Amino acid sequence: SHVLSPGEVLGNTFPGPNKYSTEAAPVTISSQPANVTVNEGGNAIFDVGLTGSSPLQIQWYRDGVAIPNAIGPRLTLSNVTAADNETDITVRATNVVNGASVPVTSSIATLTVNSPPPPPAPTMRHKYDFNETSGTIVTDSVGDADGTLLYGGTFGGGQLTLEGAPIGEFGPYVDLPNGIISGLGQDGTIELWFTHRDPNVVWSRIFDFGISTAGEDLQSAGQDFLFWVARTGDGFPRFEANFPTSDALTVLIPNPPGWVPGEEETHVVVSYSNSRNVAQLFLNGVLVSTTTAPRALSDMAGFDVNNWLGKSQWPDPYWAGSYNELRLYSGSMTADRVAASFAAGPDGTPTERPTITVSRTATAMTISWPASATGFNLESSTSVAPGATWSPVAGATPNGENMQVTVPTSDTMRFFRLER
């Protein structure tokens, strides 16, 4: 009575079903692990073929470090990231022949992880800066989708303040035009600066775009929607989306759990990319939640008819607080763009941090960055320690939409940065 190890199973495989392996055969590698190329987020699978008498002891290594529990002839690395690119994978197998340990180590298999290019910059379709001083029109300064302020509300200081109302009473809210979400296309971004007045009120909608079960202009229960609340019954903010003919909710809740404070301006961004199947929530420039984005925003066509600021599809309390600026974009916003927008503020122009890309040959390295990153210069150093000396790298030339420079490779470690 004995539970066979993976190595013993493997050792008994090769003699066949009618013979138990008792011959003392040293372990050898019959097929080496092959190089693997996989897209970021995918799974990388490495296999090794082994012969030899059992038991066989197997251990896989990543860059020379043993991988825990990787003791079989197949290694699976799940959900690989860009940090896994150019990882060296080896496997070591050992058995005992005539009382002596016999090890064998495979050749190196390289894991290459392809990172998708960043999405193009999103296009702002609608912008509400709430600079009105009176009236009921909320002007869209970018598009032609002016909203209507109903049942109260006060303009002042470049903001719109809503007083809120409890369940069962009418409160002020803004009605934005039909189709404002589906018109963004497959992917979209919602960006908002707001101040939440009463953190003790739950489920009041800062925005709620969609339709209720009762139809246009009516509250009942949410049918199809995208909403954002500062506090749910459990005390945390929440973005939620439900699309027509779908029972699958897209939910974004800060992780680790956090909350939206009262009487402090907060910046929130919901970046929704169906083309990449990723939805992200940012608070004050920081990514706090990620999930899938299984449906296109354009699927809301015909159902985004109750597009409200301060009012819910459900009979929830009306929201109390102030709007500083609301922006709606076609296309998803990257983390760098969110951080730049937060740093610039609602009245500023964001300056994005450009990204360096590198391609190498045996003798040279080509460094590229967006030509649109005006004012940035490439610098290099042999150290990133505080006080390190950075020197300009000359020879940058335009190449399509990029600037690029080619430098020779050497045995000396060098670091590169863009500085403005």
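1. Strand 27 and strand 28 (residues 364-370) are antiparallel and share four bridges. For the terms, strands (E, at least two residues) are DSSP runs, numbered from the N terminus, and two strands count as paired if DSSP finds at least two bridges between them.

2. Some housekeeping before going on. This is a predicted model, where local features need pLDDT of at least 70 and side-chain atom pairs count only at pLDDT 80 or more, while totals for chains, interfaces and linings use all residues. Residues are numbered from 1 along each chain as its sequence is written, and side-chain values use heavy atoms, with hydrogens and water left out.

3. Now the second largest pocket, which holds about 210 Å³ of space. A pocket here is an open set of points on a 1 Å grid over the protein atoms alone, where a 1.4 Å probe fits, with protein on both sides within 12 Å along at least five of seven lines; lining residues have an atom within 4 Å of a point. The volume is the space filled by probe spheres set on the points, which are joined across faces, edges and corners. Among the lining residues are I356, V358, R360, M365, I367, R414, F415 and F416. Strand 27, strand 28 and strand 33 (415-419) are the elements giving two or more residues to this lining. Sorted by class, the lining has seven nonpolar, three polar and two charged residues; Ala, Val, Leu, Ile, Met, Phe, Trp, Tyr, Cys and Pro count as nonpolar, Asp, Glu, Lys and Arg as charged, and the others, Gly among them, as polar.

4. Strand 29 (residues 377-381) runs antiparallel to strand 30, and two bridges join them. In that pairing E379 is opposite P392.

5. On to the aromatics: a search of the whole structure gives 13 aromatic pairs. Rings of Phe, Tyr and Trp (its six-membered ring) pair if their centres lie within 6.5 Å, with planes under 30 degrees apart called stacked, over 60 edge-to-face and the rest tilted. F207 and F209 are a stacked pair because their ring centres are 4.9 Å apart and their planes are at 10°. F207 is buried at 1% relative accessibility, and F209 is buried at 0%. The cut-offs are under 20% relative accessible area for buried, over 50% for exposed and partly exposed in between (1.4 Å probe, protein chains only).

6. Another aromatic pair, F225 with W314, is edge-to-face, at 5.2 Å centre to centre and 65° between the planes. F225 is in strand 19 (residues 222-229) and W314 in the loop between strand 25 (306-309) and strand 26 (318-330), so this pair ties together parts 89 residues apart in sequence. F225 is buried with a relative accessible area of 4%, whereas W314 is partly exposed at 25%. There is also one aromatic cluster formed by Y151, F170, Y173, W308 and Y318.

7. Which residue takes a positive phi in the hairpin of strand 23 and strand 24? N284 does, near 50°, in a hairpin with two residues between the strands. Strand 23 (residues 278-283) and strand 24 (residues 286-291) are antiparallel over five bridges, and F282 is opposite L287.

8. Last, strand 7 (residues 74-77): L75 and L77 make up its covered face, R74 and T76 the uncovered one. In a regular strand the side chains alternate between the two faces of the sheet. Strand 3 (residues 44-47) runs antiparallel to strand 7 and is joined to it by four bridges, with D47 opposite R74. In the loop between strand 7 and strand 8 (87-97) lies T81, partly exposed with a relative accessible area of 34%.
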